[in-house]
Structures are given as structure tokens and as C-alpha cells.
Amino acid sequence: MSTDPFCEIIAGERAATMVHSDEVAVSFLDARPVFKGHVLVVPRIHVETLTDLADVGPFFERVQAMARAVEGGLRVAGTFVAMNNRVSQSVPHLHVHIVPRNRKDGLRGFFWPRTTYGSAEEAASYADLIAKAL
């Protein structure tokens, strides 16, 4: 079994609240979201950083579609899209954060307070709204 939690999610060995999955990328809710509806998009193949990803186009098409879906599905004003490469990368598997945003939501700079979902059902309801908007 892998020690990479994202590879484990992709393989179905670790639970996650899935939003979307295809041959290129897997998208699921962040377990410790900045705001509810915070999605991680990860390439299905294991690569550690952006510079390791050979074909960025198809992956970023998924990131773009997910950013659109978070905005539309959650009816928020916009999104914060971010990625770390090694430094501050909590999991050594390329992943893009798509965080729902509204004006005056309290997010400042790179201080990311985290929240939790009240239940698996609440998390699933956010994932469903986003998935329907794809």
C-alpha cells in the first residue's frame, strides 16, 4: 500500500468525499477546508510537483472546469486557486486547491484558517452541488 494519501484516495484505499473523477484527474473535498466546498484536484498519475507533470494541458482543463463548478455550484463570488511546489506542500503529490471565496470572507494573505464539516452528509452535499455544476 502507498504512503501517499492522494494515491490511496485515487486507488480507493482511503476515503474521501469525491466531487469528480476521470482518466486525467481526481477531485475531492479537502478534509480540512479553508471554507466549505474547498476542493483538491490531483492528477491521477503520481507526480510530486508541477515541473514533474509532462502534459499540463489536460490537467489544467480539469482545474479550470472545477473552479467554474465551485463558483457556479456554490454560488460564490469567485475562487482562490493555489498550488505549492515542495515548500509548504503537505502531501508530496501535485494538487491544486480551489477555495470558494466571497468578499469580506475573512481570508487574508496566506493565513488559511481551517474549518470542518459537521458530518459526512454535509460534506457530501457540498460535493454534490459542485459536481452538478460541472
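How many residues lie between β1 and β2 in the hairpin that they form? The hairpin of β1 and β2 has three residues between its strands. The model is predicted, so local features are reported only at pLDDT of at least 70 and side-chain atom pairs only at pLDDT 80 or more, whereas totals for chains, interfaces and linings use all residues. Residues are numbered from 1 along each chain as its sequence is written, and side-chain values use heavy atoms, with hydrogens and water left out. Helices (H or I, at least four residues) and strands (E, at least two) are DSSP runs, numbered from the N terminus.

**The sheet**

Five strands make up an open sheet with the order β1-β2-β3-β5-β4 and antiparallel pairing; two strands count as paired if DSSP finds at least two bridges between them. On average, neighbouring strands are turned by 20 degrees against each other, direction ignored. Axes here are lines fitted to C-alpha atoms, for helices over the stretch in contact, and angles run from 0 to 180 degrees between N-to-C directions.

| Strand pair | Bridges | Example of facing residues |
|---|---|---|
| β1 and β2 | three bridges | serine 21 and valine 26 |
| β2 and β3 | five bridges | alanine 25 and proline 43 |
| β4 and β5 | five bridges | phenylalanine 80 and valine 99 |

Five of the five residues of β2 are buried, so this strand is largely enclosed by the rest of the structure. Buried means under 20% relative accessible area, exposed means over 50%, and partly exposed lies in between (1.4 Å probe, protein chains only). In a regular strand the side chains alternate between the two faces of the sheet. From β2, Ala25, Ser27 and Leu29 point one way, while Val26 and Phe28 point the other way.

**Helix α2**

Helix α2 (residues 56–74) packs on the sheet and touches β1, β2 (25–29), β3 (39–43), β4 and β5. Its direction makes about 20 degrees with that of β5. Contact means heavy atoms within 4.5 Å.

At 1.5 Å a residue, the 19 residues of α2 should span 27 Å, and its end C-alpha atoms are 27 Å apart, which agrees. The expected span of a helix is 1.5 Å times one less than its number of residues. Phe59, Arg62, Val63, Met66, Ala67, Ala69, Val70, Gly73 and Leu74 are the buried residues of α2. Seen down the helix axis, they fall within an arc of 165 degrees, so they line one face of α2; the arc is that of the directions from the helix axis to the C-beta atoms. These buried residues pack against β1, β2, β3, β4, β5 and α3.

Arginine 62 in α2 is buried, with a relative accessible area of 19%. Leaving aside neighbours within four places in sequence, arginine 62 is in contact with Asp22, Glu23, Val24 and Ala25. Just after α2, arginine 75 takes a positive phi of about 55 degrees.

**Helix α3**

The 13 residues of α3 should span 18 Å at 1.5 Å a residue, in agreement with end C-alpha atoms that are 18 Å apart. Ala123, Ala127 and Ile130 are buried in α3. They cover an arc of only 60 degrees around the axis, which puts them on the same side of α3. Glu121 and Lys132, on the other side of α3, are exposed. The buried residues of α3 pack against β1, β2, β3 and α2.

**Nonpolar cores**

A nonpolar core is a set of buried Ala, Val, Leu, Ile, Met, Phe, Trp, Tyr and Cys residues joined through side-chain atoms within 4.5 Å. Of the 22 residues in the largest nonpolar core, Leu29, Val39, Val41, Phe59, Met66, Ile98 and Ile130 touch the most other members. The elements giving two or more residues to this core are β2, β3, α2, β5 and α3 (120–132). The largest share, seven residues, comes from α2. Apart from this core lies another, of eight residues, among them Phe6, Ile9, Leu40 and Val91.
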